[in-house]
Amino acid sequence: MAFNTRTWLTAAAVVAATTAVAYSETAPGDVKIEDGVVSASLSGQPGDAAAGRKTFADRKLGNCLACHAVSDQSEQLFHGEVGPELDGVGDRWSPEELRAIVVNSKAIFSDETIMPGFYSLDVGIDVRKDLVGKTILTAQQVEDVVAYLATLKE
Amino acid sequence: MKKHYLVTAAAIALAGAFSVAAHAGGPVDEQLVIDGEIEMTTRTESVEGHPLDEVISGWHYRTKETRALEADTFENPAMLYVEQGEEIWNTVEGTEGKSCATCHGDASESMAGVGAHYPKWDADAGRPINVELQINKCREENMGAEPYAFDKGGQKPLTAFIKHQSLGEPVAMDLSEGEMQNWWEKGEELYYTRTGQLNLSCATCHENYNGYYIRADHLSQGNVNGFPTYRLKQASLVSVHNRFRGCIRDTRAEMPAAFSDELMALEVYVTWRGSNLSVETPAVRQ
């Protein structure tokens, strides 16, 4: 029966996805930043640039626009000016370097940088209770943002 | 109308001279003159030991429209609260049958300049108190009235009314009293401590990036000389501890309680940073 086949296929896909996450995602504490790069995908999956573009702008997620202006998102109001403009950032940094910066910019630039670490548990004191032990972005969201940043070429 | 011409003329004169801005959001070069009469000190040399050379009121970081609201007491939406505060000042409450005015008389005389010196050391409490806590002390000890809960009852309007009697007076705390210096040090430590998942301290934004935009928010130096302040985005008068808590919340951290030791220490330190700015209460901000 077609119905049963589809049900089984869906179940198999769920199992496969769960297995993939369980075995290939790198936990925040296990991410290795070496020579300014994080070489492998945090999720074990490639990033989705279109999803990353949304995460970049979303005030509840990356909210990268709070500090960085980028002409690719000129439809969004209020680009910040605290960080450098990101036009051409994909020319200036490799995806592995961009991943390291998004994961924990303090390890790349300086402990004094205002930029939060989006996949780091090295955070401030008194973290809101429901956020303790959680990162700002998930492994896949970081990959998506990195994929998006890599498309910003001039 | 005179005051508006003054502001406009100053803006035109200075726009040419200071047109070289490194970023969009530097402080505007204008002078705040309230009702065309009270010349406010909104930029001044900082006190010794201050990490910045110049202290600048948040007024300089607001839009032309917002700045104009504060320059005219008839336009300033917070003046309604000040009027409410005046009514409370004259209203008898508590078991002793007293109002504030029973003991203190005309606030324009008895309270002139008083608010500019808070927070102050309170020997009875063994800690610094702000105007809100001084009001509560008076209510309990002299009026036989219940203290106001944080931001409740008449706390905000009465505080605004009392501080408004110092409009234009320079902020000047006395750190030599009691243990004020220790509280200042504790406040300084907190000012530079990063909080929350976003890992930001007060200094990260207000010392290092004042004058810049974070999304639609224009960062100021975070001086508190205009509190309680009317915030347009909240359409309400906002107390200084409410704003401290809001800022800390925005770093995705748990918030200290209003009037806790942490926030009193922070108020002492942040007030000191704005020393010599004019009291602007009630200021108008975004």
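In what order do the elements of chain A run from the N terminus on? They run α-α-α-α-α. Chain A has 5 helices and 0 strands. Helices (H or I, at least four residues) and strands (E, at least two) are DSSP runs, numbered from the N terminus.

This is a predicted model, in which local features need pLDDT of at least 70, side-chain atom pairs count only at pLDDT 80 or more, and totals for chains, interfaces and linings use all residues. Residues are numbered from 1 along each chain as its sequence is written, while chains are lettered from A and ligands numbered from 1 in the order in which they are written.

Of the 154 residues in chain A, 36% are buried. A buried residue has 20 or more other C-beta atoms within 10 Å of its own, with C-beta atoms placed from the backbone.

Now the largest nonpolar core. Such a core is a set of buried Ala, Val, Leu, Ile, Met, Phe, Trp, Tyr and Cys residues joined through C-beta atoms within 7 Å. This one holds 40 residues. A:V102, A:V103, A:Y119, A:V142 and A:L149 touch the most other members. Helices α4 (95-108) and α5 (139-150) of chain A and strand β7 (213-214) of chain B each supply at least two residues. The most come from α5(A), which gives 7 residues. Beyond its neighbours within four places in sequence, A:L149 is in contact with A:L86, A:V89, A:G90 and A:L98. Contact here puts the C-beta atoms, placed from the backbone, within 7 Å.

A second, separate core has 23 residues, including B:Y230 and B:V284. B:Y230 stands opposite B:V284 in β11(B). Strand β9 (residues 229-231) of chain B runs parallel to β11(B), joined by 2 bridges. Pairing requires at least two bridges found by DSSP. The open sheet has 3 strands in the order β10-β9-β11 (chain B), with mixed pairing. Its edge strands, β10 (236-238) and β11 (284-285) of chain B, each pair on one side only.

Which residues of helix α3 (residues 79-89) of chain B are buried? They are B:Y81, B:V82, B:G85, B:E86 and B:W89. They lie on the same side of α3(B) because they cover an arc of only 150° around the axis. The arc is taken from the directions from the helix axis to the C-beta atoms. These buried residues pack against α4 (100-104), α5 (107-110), α7 (155-164) and β10 of chain B.

Last, the contact between the chains. Chain A gives 18 residues and chain B gives 23 residues.

Notes. Contact = placed C-beta atoms within 7 Å. Buried ≥ 20, exposed ≤ 12 C-beta atoms within 10 Å, placed from the backbone.
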